[in-house]
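The following exercises ask for a careful reading of one model, from the whole chain down to a single residue. Each task is followed by a worked solution.

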Amino acid sequence: MFELPPLAVACAILALHVLPPAAFADVALRGEVVDARTSAPLPARVSVRGSDGSWHFPRSEGGTAVRYEKQRFARSVERHVTLSAHPFLVELPRGSYTIEVEHGKEYFPASRRVEIGDEPVRVRIALRRWIDMASLGWYSGDTHVHRPLEELPNIMLAEDLNVAFPLVHWVTRAFEAPSGGASDEDTAVAPIRVDATHVIWPRNTEYEIFTVGDARHTLGAFFVLGHRAIFSSGVPPVAPIAERARRDGALIELDKHNWPWSMALVPVMDVDLFELSNNHVWRTEFHFAGFGEREAEYMRVERDAAGFTERGWIDFGLENYYALLDCGFRLRPTAGTASGVHPVPLGFGRVYVHVDRPFSYDAWFRGLDRGRSFVTTGPMMFVTVDRRLPGETFRLEGDAPRDFRIDVRVVSETPIDGIEIVRNGEARALAVASKPTDAGAVETTARETVSIDASSWIVVRCFESRPGGRVRFAHTAPFHFEHPERPLRPRREQVAYLIHRVESQIERSGAVLPAEAIAEYRAALEAYREIARRARQ
């Protein structure tokens, strides 16, 4: 049996008698988060980290707190607590700590260094607002949410996210009904109102298929958002789910563009939404460098030794989206984080929808469907064509081109890299002017006149470089231009890529999926081949 030396025992006994009890007790750090202009208490996301790398989680005094801990490898870490608009308390060992505080996208984040000694410490952290989107008629949403329904009111207010779609029904096995409900006749559902401008739609379904029969065979994911009836059937085939969703007034969202079955879903289901900022876009370090199906060579996306860079991953999604738009599929862009599964805060990527006041869930959902929107992970983008918002369709006729004026205004925390207009998949930089705003942000503007004489679409985008090679971006929904005698014509390389994606999945799944599922793949393939007949070089 091991025994301590007598001297060590004596020293230990002496230390217990000499050191006061307070030497072993943690010290209270109390704090509050307020608006810098009004001094009103703010709900917020708070992280506390010691100089030794330890994480600490405050609790609310008089309100609610939701702790969040997710990690993907060493540097993809998200550890924080979302706090209601009440004072907070955390007990800490003596030492140095950094407190980081954020309240959504529209306030500058704040960081405070504190030293904990023998006495309790109080901090007051004032957040400065750099833009007020609601005052301009824009309200944010996250359409890919895995947070518990009962926690969402706290989290949404802390993140200032106006609309959330928790995926309460979820299935990962082919042919099985989603979990979470038993009756497809149950339609007793209504928005959950957190306050006047924050609301939850509590019935949404994710089909994310990894297993067919007893074998691992990944197909991919799509969501049905805003439905009332509970789905009691599985997939594939997927067309019956799409039909039921249409009858229910729901929207169908494509999750990631490069799941194996994604490009077959678009023509078969007439998909509504494309997750332009998807759940692989995080506040922490980018992780999924090797995920999913490969890009086409013509897309020229950035790669490094590991695979996709963060910018390369974003550009891959954009190029895939543009190929579908060029083929005539009018998908509206959206944003989803999968917060609850990944190390990312709720609403890190979000879609802003313009709503004529007063705000309501129904008005926001209609605006999302119409494409009155832009997607962002940082910058705020305001674009009009002839003073019309994104989602507008302009009618053309005759042989003469028609001029359209494009006005762009971007407000951002830090300077952006520029503004680009993308017309039928071709990007071009605009001449810009920048100046600081009174609130301490940066305003960048551009104006352009374009002449259009055939069916076309236009989007506007920008990128914002951040330290460490990170990137934020914003991207509008499309403006459409219709000419009855001059249809959209995709480039051959675009439609060839879409055809290849479906052909490869027919070969891969032909012996695995039932005949009716393969028939859907073949229908998608024929749809793309028909589009290819009008393609241009």
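The protein chain has eight helices and 34 strands, where helices (H or I, at least four residues) and strands (E, at least two) are DSSP runs numbered from the N terminus. This is a predicted model, in which local features need pLDDT of at least 70, side-chain atom pairs count only at pLDDT 80 or more, and totals for chains, interfaces and linings use all residues. Residues are numbered from 1 along each chain as its sequence is written, and side-chain values use heavy atoms, with hydrogens and water left out.

**Exercise 1.** Determine how the radius of gyration of the protein chain relates to that of a compact globule.

Solution. The radius is taken over C-alpha atoms, and the globule rule is 2.2 Å times the number of residues to the power 0.38. For 537 residues the rule gives a value near 24 Å, and the 26 Å of the protein chain agrees with a compact globule. As a further step, buried residues (under 20% relative accessible area, 1.4 Å probe, protein chains only) make up 56% of the 537 residues.

**Exercise 2.** Describe how helix 4 packs with helix 8, and classify the residues of the contact.

Solution. Axes are lines fitted to C-alpha atoms over the stretch in contact, and angles run from 0 to 180 degrees between N-to-C directions. Helix 4 (residues 262-269) and helix 8 (residues 515-532) pack at about 80°, with their axes 8 Å apart. Helix 4 is therefore roughly perpendicular to helix 8, a term that covers angles of 65 to 115 degrees. The contact (heavy atoms within 4.5 Å) is made by Met263, Ala264, Val266, Pro267 and Val268 of helix 4 and by Glu520, Tyr521, Ala524, Ala527 and Tyr528 of helix 8. By class, these residues divide into nine nonpolar, no polar and one charged, where Ala, Val, Leu, Ile, Met, Phe, Trp, Tyr, Cys and Pro count as nonpolar, Asp, Glu, Lys and Arg as charged, and the others, Gly among them, as polar.

**Exercise 3.** Repeat the analysis for helix 5 and helix 7.

Solution. Helix 5 (residues 310-326) and helix 7 (residues 492-509) pack at an angle of about 100°, their axes being 9 Å apart, which makes helix 5 roughly perpendicular to helix 7. Among the residues of this contact are Phe316 and Asp326 of helix 5 and Arg501 of helix 7; the classes are six nonpolar, two polar and two charged.

**Exercise 4.** Locate Asp369 and list its contacts.

Solution. Asp369 lies in helix 6 (residues 361-370). Leaving aside neighbours within four places in sequence, Asp369 is in contact with Leu251 and Arg332.

Terms used
Parallel < 35°, antiparallel > 145°, perpendicular 65-115°, else oblique. Buried < 20%, exposed > 50% of the residue type's maximum accessible area, 1.4 Å probe, protein only.
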